[in-house]
Amino acid sequence: MTDILSMTEQELRHFLEDNGMKPFRASQIFHYLYKENIWKWQDMRLLPQKDRDYLQEKAPLYIPEVVSRLEAPDGTVKLLLRLFDGHTVETVLMRHPYGNSICLSSQVGCAVNCAFCASAKNGFVRNLTTGEMISQLLAFRKYVTSDLHSIVLMGTGEPLLNYDAVIKFMRLIHEKNTFYLGYRNMTLSTSGIVPRMYDLAAEEMPITLAVSLHAPTDELRRKIMPIAERYPLKQVLEAADHYFQETGRKVTFEYILIKDVNCNPNCARKLIELLGGKNILINAIPINDNYDVGLYRPGQKAMRDFVETLQHHGLSVTLRHEMGSKIQAACGQLRIKHLNT
Ligand code: SF4
């Protein structure tokens, strides 16, 4: 199937020309898609009828259907979207004081299988196309009344295991004729796929790189992130240092706080040994209670003590305000609920 939403305007020009249409129609089509939110060929009135009919048949546009929509009191909106082949993905809109941010999925399911993550529980299904990532942004157009401020690739999937489609997606939404989003307003979160972190550093795309750390030692990290067997901490940290050197962008380390696992004075001490003196940020994230796997959020005092210990030793740490936790906003929860019904 021809996937128009995965194309740059230049690629669309070639496609139109190769199929007997005028290449200049590409800019009209981009205007309809990205500026006027018109996603039906027959509604693109500037196109000749025969072009509309041809495109309708050969390159049908598919904007995912909203299967389920949840809204939290803080304005967070979570959509479960059905893709053209019936698989579903989650997309979350977060409303911050500085603007709207959308958290996107990059894969259906995930092979990385982190212990605390609902996304991985039914395994990896397939990669999303660039167009399917674009269409997650388009699906939110009716909820976002002001401009999109940022996107985060932190939904379902390991973005660096869908490398080419993700890179193309970020380049495409940076274009003036689409979302015109600055690279500095894009964040990619990885579980630490070391070779691809080096590739990303060479892309000349100064996005924010967030690395899921979640433990200060390989031994503990392997228990909650099986990918740590393949990429030990030393390699992950070297790749993160390299990213900073190449792009000048501070790397964020995500650290999910789990009761009786990694939120204690011993872990704080080891984390200080590991990261002390580095020019990085740490994002501490309280886990949502997960009864299926028996992982729970620590008490407020334990979390505060942990964070303050790190800060006291000069580390730059923020305790993330959990948005939308009342609407199954944790990665994958809504999709799992849908699969089980
Ligand atoms: S946290 Fe991310 S990388 Fe880990 S299993 Fe979930 S989606 Fe995959």
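Lys78 and Glu90 form a salt bridge, with N and O 3.0 Å apart; a salt bridge is a side-chain nitrogen of Lys or Arg within 4 Å of a carboxyl oxygen of Asp or Glu. The pair links distant parts of the chain, since Lys78 is in strand S2 (residues 77-82) and Glu90 in strand S3 (residues 88-96), 12 residues apart. Helices (H or I, at least four residues) and strands (E, at least two) are DSSP runs, numbered from the N terminus. This is a predicted model, in which local features need pLDDT of at least 70 and side-chain atom pairs count only at pLDDT 80 or more, while totals for chains, interfaces and linings use all residues. Residues are numbered from 1 along each chain as its sequence is written, and side-chain values use heavy atoms, with hydrogens and water left out.

**Salt bridges**

- The whole structure holds 14 salt bridges.
- Lys78 and Glu90 are both buried (buried means under 20% relative accessible area, exposed over 50%, partly exposed in between, with a 1.4 Å probe and protein chains only).
- Glu57 pairs with Lys58, their closest N and O atoms being 3.8 Å apart.
- Glu57 is exposed, at 61% relative accessible area, and Lys58 is partly exposed, at 41%.
- Arg171 forms a salt bridge with Glu203, the closest N and O atoms being 2.7 Å apart.
- Arg171 is in helix H5 (residues 163-174) and Glu203 is in the loop between helix H6 (194-201) and strand S9 (208-212), so this pair ties together parts 32 residues apart in sequence.
- Arg171 is partly exposed, with a relative accessibility of 29%.

**Helix H5**

- The 12 residues of H5 should span 16 Å at 1.5 Å a residue, and the end C-alpha atoms are 17 Å apart, which agrees (the expected span is 1.5 Å times one less than the number of residues).
- The buried residues of H5 are Tyr163, Ala165, Val166, Ile167, Phe169, Met170, Leu172 and Ile173.
- The cover over these buried residues includes helix H4 (130-139), strand S7 (148-153), strand S8 (186-190) and H6.

**Thr190**

- Thr190 is part of strand S8 and is buried, at 1% relative accessibility.
- Beyond its neighbours within four places in sequence, Thr190 is in contact (heavy atoms within 4.5 Å) with Glu158, Leu160, Met197, Leu209, Ala210, Val211 and Ser212.
- The side chain of Thr190 reaches the backbone nitrogen of Ile193 at 3.4 Å.
- Thr190 and Leu213 are 23 residues apart in sequence, and their C-alpha atoms are 9.3 Å apart in space.

Conventions
A polar contact is a pair of N or O atoms within 3.5 Å; within protein, one must be able to donate a hydrogen and the other to accept it, and residues adjacent in sequence count only if both atoms are side-chain atoms.
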